[in-house]
Amino acid sequence: MKNKLLVPDIGDFEKVEIIEILVKTGDNIKKNDSVVTLESDKSSVEVPSIYEGIVESVDVKIGDKVSKGDLLITLSGEKKSEDTSKKTVEEKIPPLTEKIIKEAEDTLVLKEEVKENEKKIKRKEAMEPSGKEDIDPTETKEWIESLSAVLENDGKKRAQFLIKQLIEHSYKEGSDLVLSRNTPYINTISPEEEVKSPGDQNIERKIRSLIRWNAAAMVVRANKKNPELGGHIGTFASAATLYDVGMNHFWRAKNNKFGGDLIYFQGHSAPGMYARAFLEGRLSEKQLDRFRQEVNPGGLSSYPHPWLMPEFWQFPTVSMGLGPIMSIYQARFNKYLINRGLLKDEGRKIWCFLGDGETDEPESLGAIGLAAREKLDNLIFVVNCNLQRLDGPVRGNGKIIQELEGIFRGAGWNVIKVIWGSYWDQLLEKDKTGLLIKRMGEAVDGEYQAFKAKGGAYVREKFFGKYPELLDMVSQMTDKDIWKLNRGGHDPHKVYAAYNSAMQNKGTPTVILAKTIKGYGMGKSGESMNTTHQQKKLGEEDLLYYRDRFDLPLTDEQVKNVEYYRPPPNSAEIKYLKECRLKLGGNLPERTSFAKSIKTPPVDIFSAMKESTGKKEMSTTMILVRMLTSLLRDKNVAPRLVPIIPDEARTFGMEGFFQKIGIYAHEGQKYEPVDSEQLSSYREDVKGQVLEEGITEAGAMSSWIAAGTSYSNHDISMIPIYIFYSMFGFQRTGDFAWAAGDNQTRGFLIGATAGRTTLAGEGLQHGDGHSHIMSSVIPNCKSYDPTFGYELATIFREGLRRMYEKQENIFYYITTMNENYSHPSMPKDKNVEKGILKGMYLFKEFEKYKKTKIQLLGSGTILREMIAAAEILQKDYKIDSNVWSVTSFNELRKEAIEVERYNLLNPDKKPKQNYIEECLSTTEGPVVSASDYMRLNSDQIRPFVRKSFYSFGTDGYGRSDTRKNLRKFFEVDKEHIVTYSLSVLAKEQLIPSKYAEDAIKKYNIDPEKPIPTKL
Ligand SMILES: Cc1ncc(C[n+]2csc(CCOP(=O)(O)OP(=O)(O)O)c2C)c(N)n1
Ligand SMILES: [Mg+2]
C-alpha cells in the first residue's frame, strides 16, 4: 500500500519554495512528523505528514517551487487516517462536548424552573408608583418572608439562584432593571460565616506592634541622620495587619518540597518587610540603619528592587500599576507552565498588594478581564483601601471600595469586602431597620477620612448624629468606645476570614478590598491626614503616643532615642513568629534560583543562516522565524521557547507556529477554526506554546517578564521571545523594560518591522527611529541592529549561551526588519564573530586607488546604503573606503566608557585601547556613520573615535512613503551618503569641494530644504 503525500492547503500562496527537506528515503516516519519546510516571501512553515510509514521516495528537491496538491513524498505502509483535521477536532471534542451538553441540560432545567416560578408568581397589574417607593408593604413583607424561609431551609446558594431567576424573568418581561454590581457597604463575609484564626491573637498583636515600631523607627532614624533620605511610614502603618495575617498564616515559602507562593508587596510598604525580617533575625540593626543608603554594599533598598537586593526581593513593584498587571500575567504563566506539563500543580497562589490610589493607574485594572477569562483562581489581589493617596483622598466624593467592587465584579472576579472590624458587629446586629447600613452607604470617603482624623465625639455627631435612631444606638457608648470602632483591614479576625475564603475560592480570581486608615497609630501629626504619605519624621510626642497606642515595652528614654526593639530569641514573640514561618516553609520575601542551565544549541543549528541566500531576497524577520523553526528541533531548547506575540504573528510571518506548537488556551479549542483545512490554521490548545496576547503590549511585556524570571520563581529556565512592532516596544512599555532589568529577566525582545525608513508606508506613529536609544538606557539590556542573517544568528546564539548556559542576568533587544534583500554568507575571518558581538567589524575594504580614503560605518539596513555608496565613491570618484558593519552602537559605547574610566583611574599604567580604536586607529580618512535611527545612535561613539566624525540618521517624525523616498527625505540613501562623504573629504581638505558641489546637483539635493526635524 503506497501513500502519496501532497502539498496541503497553504492559503493564498502559490509556487512556494522548498527550503528544507526533513526526511530521506528509508526513514520510518510517524503522523505529524515534519517532512519539508516551505517558504513564501513572508513566512516559512513545516509540512507535517498525514501518514505514517516508510519513505519510499522524496519527490521534490530543495529550491523546487510547489503549490497545493503537488506531490512531496511517497510512503509505503499504513493508509491515510480519514480526514485528519476533522478527526483531531473530534478526538478533542468529547470532554468539551460533554460540558456543553451539560450546560445545555442545566439551562433546560433552569427553564423548567423558570416556568414553575412563573406559575407560582401571581401576576399583579402593573401599577405606577405614586411617589412612594413601596406601594404595597404587605406584599413586600410576604416576599421577604418567603426569601427568609428559603435562606433558612435551603441556604444562601438557593436564595441567590432564585433572586437571579427573578431578575432575569423580570428583564425578559420588559423591565429594564439592571442587576447591581454593588452590594451594601458592609463586609462580604458575615460574622457567622467567618472562619476563626487558629493564632494566638495576643501574641500576634505584640509582634505586629514591634514590627510597626521598628519600621517607623528605621525611617525616622534614617531621616535624623539625613533628611534627604526620605521614606514612608504611613503606607505600612495602614497595611500592617494585612501583611501580618498573611505572614503568620497563609503565605508558603519556597523550599525543597513546595514551589512557594509569590507575593507582590506594595512598594511603599517595604519598611514593614525589613522590620519583620529584623525580628526574624534575617536583618541586623546595622542593616536597618542602612535603609536607603545603598551606595556601599549592605544597604537596604528604598523599595522592592531585586537588582539591588537579589536575595531578598522577588518583584519590583514601586512604579505603581506595574505590580498588579505583572502579577496577573504571573498567575497566568503559572497555569501555562502547569498546562504544558512543565510544572507540578501544587495550588500555589500569587498575592498582589496594591494601594487604592494605585488603582487609578490604567495598568492596575487594565488586565483584570484577562484574569477572570483565564479563571485565575491562583490569584489574590489585596487592595489596601486607606482612602488616601499622596495628596489627599482617593475618592473624597465617592467610595473607592464600592467603585472597585463594581469594576472587579463586573469583570468576573470574586470580591470580598473587609470594611468593618469586629467592634461594629454588635451595632450591625442591632440594626434591624437597616438604617445603620444606609448611613454607612451614604457617607463618602472624604467624611470617613475626617472621622478618623477628628475623634470619637466628631463621629458621634457627624456620623451617628444624622439619624436620631443611630444616636440612640450608640448612646451607651463613650466617645472612646466610638473611636475604637475599627476598620476591617485592621482587624486580624476579619482579615483572616477574608484570606481563608480567598484561598478556598475556585474558578475566579479574588480581590479583597480592605478598608484601613492611612498612618494608623501615627497620632495627631500623621493619622488620616492629607499629608500622611510624606510623613517621614515623628516628633517625640508622636513617638510616645505610638508606643502607648501599641503597648510597646519601651522606656521614654528608648523612645526618645528611637531605639529598635527586638525581644531575645527565646522570647515568646520571637519563638511564635519563627514557628509560624517554619510551618509555612521558610522566609518571605526571599529570592533564590536552583534552575539548571540550558545547553546552548550546536552551531550547526544556525549554519543555514550563515550561508548566502544567493539571489533570494529575505528580511531579517523571516530569517529570525526560520531560526526559531530550527531551534524548535533542538531538544534542550525547544520546550523552553515561549514565543509571545501581541496579535502580529501574520505581520511577522509567524503563523506557521500556530499549527506546529499551538496557541496556549486554557480551555483548549471549543470550535473548529474557520481555516481548519489550512496548514497554518489557528490552532488553540491547552498545551499550546505560543502566547498570543491580543492587542496588549503591556500584557505581552508582563508575560515576557513572568517567563524570563521563571528561573527564579519556578526554578525552571524559560526562553521568552517577545516579538513586537518595534515602535510599540520601548516607547510604549519602557517602564516595564526597566522593571524587567530590575527583575533580572532573561529573554529576547525582538523589535520587528524596525527602522524609521525601513518600515515604509506606515508613517509617523509606526516608524521607529529611536528604540535603540531607549534600550540603551537599561544597563543590563544588550541591543543589536543586525543587517544580515549571519549577524542575527551569531547574536542570537550568543544570547542563548550567556543567558541560559552561563545564566547571566542580561536580556537582549534585537531589531529585525521587513525589507527583503539578499544576504551574503558569513565571512571566514575569525574576527568577524567577535566583532559582531562587540558591535562592529570590517565588512568590506574598497582599496583600488590608494589615494583618498574614508571610513563608512553603517548599521541595520542603512549598511546596505553604505555599501552602495562605497561602490559609487570608488567607481565615480576614485575614493577608497572601509565599510564597517556596526551591529551595536550601544555595545561599542558601553565598552568604550569602561576603558576610558579605567585609563583615567590608572594614570600610571599604559592606557588601554577601546574596541573602536582597535578597529579604526590604524585606518585612514574621516569617519561617516549612519543608521536608520536618529543621529544620537551613531553619536554614542563620537567621543571615542579619535578622528573627524560625522553622523547621519533619521531625526524627525517619520511619515509614510516608499523606502526610497523616505531615505532620500532623511538623507540616509546612498546618494546622500556619497554627497556627504565628498563634502566631508573636502572639509578635511583631502579633495576639492567641487566634487560635492557636483554631487549635490547630480542627485538633485536641495541645500535649502529644512532639516527633517523641522518638517
Ligand atoms: C507610576 C508612579 N507614579 C507615581 C508614584 C509616586 N507615588 C508613590 S506612592 C503614591 C501614592 C500612593 O497612594 P496609594 O496607592 O493609595 O497607596 P497608599 O500609600 O495609600 O497605600 C504616589 C503618587 C509612583 N511611585 N509610581
Ligand atoms: Mg491609599
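**Around the ligand**

I looked up the surroundings of ligand 1 and found 18 residues, the closest being Thr-235, Asp-356, Gly-357, Gln-388 and Lys-518; a residue belongs here if one of its heavy atoms lies within 4 Å of the ligand. The model is predicted, so local features need pLDDT of at least 70 and side-chain atom pairs pLDDT 80 or more, while totals for chains, interfaces and linings use all residues. Residues are numbered from 1 along each chain as written, chains are lettered from A and ligands numbered from 1 in written order, and side-chain values use heavy atoms, without hydrogens and water.

I sorted the shell into three nonpolar, ten polar and five charged residues, with Gly counted as polar.

Next I checked polar contacts (pairs of N or O atoms within 3.5 Å). A polar side-chain atom of Lys-518 is 2.6 Å from an oxygen atom of ligand 1. For Gln-388, a polar backbone atom is 2.8 Å from a ligand oxygen. The side chain of Asn-386 has an N or O atom 2.9 Å from an oxygen of ligand 1. Alone, ligand 1 exposes 590 Å², and the protein buries 77% of that (Shrake-Rupley method, 1.4 Å probe).

**The sheet**

I then traced an open, antiparallel sheet of four strands in the order S5-S4-S2-S7. Strands are DSSP runs of at least two residues, helices of at least four, and two strands pair if they share at least two bridges. Strands S5 (44-48) and S7 (65-66) are the edges, each pairing on one side only. I found four bridges between S2 (residues 16-21) and S4 (residues 34-39); Ile-18 has Leu-38 in S4 as its bridge partner.

Definitions and conventions. Polar contact = N/O pair within 3.5 Å; in protein donor to acceptor, adjacent residues only side chain to side chain.
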